[in-house]
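Open the model in your viewer and keep the sequence panel beside it. This tour tells you what to select next and what is there.

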Amino acid sequence: MNETTVIPDATRSGTRASQGDAAVDSGSLAAGAAVRNDARFLVRKAAVLGAGVMGAQIAAHLANANVKPILFELAADGKDKSANAKKAIDGLAKQNPAPGATAAALKQIVAANYDEHLGLLAECDLVIEAISERMDWKKSLFEKIAPHLGANTIFASNTSGLSITELSKQLPADKRKRFCGIHFFNPPRYMRLVEIIPTADSDPAMLDALETFLTTTLGKGVIRAKDTPNFVANRVGVFSMLATMHHTQAFGLGFDEVDALTGPAIGRGAPPTWSASTRWRTW
Ligand SMILES: NC(=O)c1ccc[n+]([C@@H]2O[C@H](COP(=O)([O-])OP(=O)(O)OC[C@H]3O[C@@H](n4cnc5c(N)ncnc54)[C@H](O)[C@@H]3O)[C@@H](O)[C@H]2O)c1
């Protein structure tokens, strides 16, 4: 789970063509009007709610793919209420590994705050929530933003493991079909896996459109996960890490020996187990 797979960023010229090609293919298979709409689903503009570790980097990766990101953060005190979001955008340029493909991409990210800019959400094809992992805080934000989501906007939560179904209950019934979980891993530009977590209300055509966007435009590998605590990768990953720790102790092994046994020798990438576990938090 901690492997770093560096995938090429979607090229700026290729992005639109790829989305268009996918739309034509799905469109020829589509049966209903709603499906046909989603078959043409293009993400021109997206909002990310929360300018922390994940939100700011997800915004950067959207910008890498030529999607215009609006990055929301809690309003700052003082004259410039978007100062918190601006600070997070400035911080992206200093991060290693680099979240932005180019300095120009990072300049595409628009700083916003919930006091002044909720109206901008209506223009967004995709809205990704990435605030702190608290059910009550997320629900309160959902209540605030729901009236501003566009009729065709896909809204998704980047929660690591909270119940997507429970979160969806905070949305009005008509918005639930365009809601699901979208679990990126850290660092989102480099970690290939994204989990899509549907609820019973999620529209299958919407999920297909979102998956096409993630694979074709953002260059991700997608799995669909059930709405169980921590979904797939973190459940398997945490078990794997704990099992490794258990066996390290049980067999009296050194860290270097375990790294040698559990790295490229068994088909996993570098950095190996102990280095990776201490280097990145992936949930
Ligand atoms: N950090 C990771 O490795 C990682 C990986 C995958 C998924 N996630 C998930 O992504 C989400 C964000 O995690 P993070 O690590 O970026 O957190 P973070 O602490 O870095 O950022 C959280 C952001 O939420 C904002 N926030 C806090 N309370 C808020 C509120 N009541 N309303 C609006 N905004 C509020 C904060 O100002 C902050 O910018 C969580 O759901 C987390 O589980 C994290």
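Two strands pair if DSSP finds at least two bridges between them. Helices (H or I, at least four residues) and strands (E, at least two) are DSSP runs, numbered from the N terminus. This is a predicted model: local features need pLDDT of at least 70, side-chain atom pairs count only at pLDDT 80 or more, and totals for chains, interfaces and linings use all residues. Residues are numbered from 1 along each chain as its sequence is written.

**Stop 1: the whole chain**

Show the protein chain as a cartoon. It has 12 helices and eight strands. Of its 283 residues, 38% count as buried. A residue is buried if 20 or more other C-beta atoms lie within 10 Å of its own, exposed if 12 or fewer, and partly exposed in between; C-beta atoms are placed from the backbone. Now consider contacts between residues at least 6 apart in sequence: 68% of them join residues at least 24 apart. Two residues are in contact if their C-beta atoms, placed from the backbone, lie within 7 Å.

**Stop 2: the sheet**

Select the strands. Eight of them form an open sheet with mixed pairing, in the order β3-β2-β1-β4-β5-β6-β7-β8. Its edge strands are β3 (110-113) and β8 (221-224), each of which pairs on one side only. From one strand to the next, the twist averages 25 degrees. For such angles, axes are lines fitted to C-alpha atoms, for helices over the stretch in contact, and angles run from 0 to 180 degrees between N-to-C directions.

**Stop 3: β1, β4 and Val48**

Select residues 45-49, strand β1, and residues 126-129, strand β4. The two run parallel and are joined by four bridges. Zoom in on Val48, which lies in β1. Its bridge partner in β4 is Ile128. Is Val48 buried or exposed? Val48 counts as buried because it has 30 C-beta neighbours inside 10 Å.

Display what surrounds it. Beyond neighbours within four places in sequence, the contacts of Val48 include Gly55, Ile58, Pro69, Leu71 and Phe72.

**Stop 4: the nonpolar core**

Which residues have the most contacts inside the largest nonpolar core? Select Ala46, Val48, Leu71, Val127 and Ile128. This core has 62 residues. α3 gives the most to it, with seven residues. A nonpolar core is a set of buried Ala, Val, Leu, Ile, Met, Phe, Trp, Tyr and Cys residues joined through C-beta atoms within 7 Å.

Stay with Val127. Not counting residues up to four places away in sequence, Val127 touches Ala46, Ala47, Leu49, Leu121, Leu149, Thr153 and Phe155.

**Stop 5: β6**

Move to residues 179-184, strand β6, where six of six residues are buried. Both faces are covered: Phe179, Gly181 and His183 lie on one side, and Cys180, Ile182 and Phe184 on the other.

Now look at its partners. Strand β5 (residues 154-157) pairs with β6 in the parallel sense over three bridges. Ser157 stands opposite Gly181 in β6. Strand β7 (residues 193-197) runs antiparallel to β6, with four bridges between them. There, Ile182 has Ile196 in β7 as its bridge partner.

**Stop 6: around the ligand**

Select the 23 residues around the ligand; Gly52, Met54, Ile131, Ser160 and Asn186 come nearest. A residue is near a molecule or strand if its C-beta atom, placed from the backbone, lies within 6 Å of it. The elements giving two or more residues to this shell are α3 (53-64) and α6 (135-145). α3 gives the most, with three.

**Stop 7: backbone details**

Select Asn186 and Pro187. The peptide bond between them is cis, with omega near 5 degrees. Pro187 sits in the loop between β6 and β7. Another cis bond runs from Asn96 to Pro97, also with omega near 5 degrees. Pro97 is in the loop between α4 (83-92) and α5 (103-107).

Finish in the loop between β8 and α10 (233-250), at Asn230. Asn230 is not a glycine, yet has a positive phi of about 65 degrees. Asn230 counts as partly exposed because it has 18 C-beta neighbours inside 10 Å. Phe231, in that loop too, has a positive phi near 55 degrees. Phe231 is buried, with 23 other C-beta atoms within 10 Å.
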